[in-house]
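Here are a few exercises to work through with the model open beside you. Try each task before you read its solution.

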Amino acid sequence: MHILIVESEPSELLKKSGQSHAREFGLELQQIESSLEFSIATPYEKPLEGSNLSMIDGVVFPGSGVSWSAHDSKAVPLQKAMESVFEKRLPCFGSCNGLQLASVILGGKVEKRSPELGIARDIKLTETGLVHPMMAGRKSVFSAPTVHGDQVIEMPRGAQLLAFNNHCPVQSFSYNSSGIDFWGVEYHPEISAKNIGKYIRASGDKFPNCDDLVHFLLNAETNSEAASQVGTSIEDMSAKIRTTELRNWLNHVRSNVI
């Protein structure tokens, strides 16, 4: 399979942060399936056109560290990239900003709310989520790494709500209509608890008074007490469980490859 990952930030922000959400996502996918190939599109630098998608089997829209929301005019390059993907009827996965972006493109609403930081606790699958292929292997209640301020407050008409928790009414939805094939989550199955902790620590004043949270996140994958302190478990933070949605999406993409 060849997966295209769409960079969610302009080059100046990438240089400042020194990290690429798209590259990190691709490397995580390769941990799941070593034979997978991925390439990166940078719509803030060069528009993503249909001709760039001819050899692509699936597309990922990862999270973003930009200060603007998915509906903002500054996000137009990313919006147009997702529209191009939807026009090509390619399987698409969105995490965090990717979910929010899909909501905006498909007619839903996104707003800035209080941040959900570190771990999304007690995520509950809906009746639809319990039987949806993206959630195969998930417990009915689970936790996942997360960092977000914006969230979907109104899903697109025709979307299926798959998961929610007390903080965020839309933790996951799928959309399959008019040839559009989208699966998305608000949390980050592609990022370990340790790396979420490192991200929060490196963000400085953006997330103040988080020393204890960072400490627990750095140890949540190996220490049950640390995991408990942030509302999770070693099991949920294990790579195999954490990446459940990604494994299932890759299987879904494979089933569409002729």
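**Exercise 1. Find which residues line the largest cavity, then sort them by class.**

Solution. Start with the lining: Tyr44, Ser64, Val66, Trp68, Ser69, Ala70, Ala75, Leu78 and Asn97. Here a cavity is a set of points on a 1 Å grid over the protein atoms alone where a 1.4 Å probe fits but cannot get out, and lining residues have an atom within 4 Å of a point. Next, sort by class: 6 are nonpolar, 3 are polar and none is charged. Last, the volume: the largest cavity holds about 40 Å³, and the search of the whole structure turns up 1 cavity of 30 Å³ or more.

A word on the ground rules: this is a predicted model, where local features need pLDDT of at least 70 and side-chain atom pairs count only at pLDDT 80 or more, while totals for chains, interfaces and linings use all residues. Residues are numbered from 1 along each chain as its sequence is written, and side-chain values use heavy atoms, with hydrogens and water left out.

Key. On a 1 Å grid over the protein atoms alone, a cavity is a set of points where a 1.4 Å probe fits but cannot get out, and a pocket is an open set with protein on both sides within 12 Å along at least five of seven lines; lining residues have an atom within 4 Å of a point. Grid points are joined across faces, edges and corners, and a volume is the space filled by probe spheres set on the points. Ala, Val, Leu, Ile, Met, Phe, Trp, Tyr, Cys and Pro count as nonpolar, Asp, Glu, Lys and Arg as charged, and the others, Gly among them, as polar.
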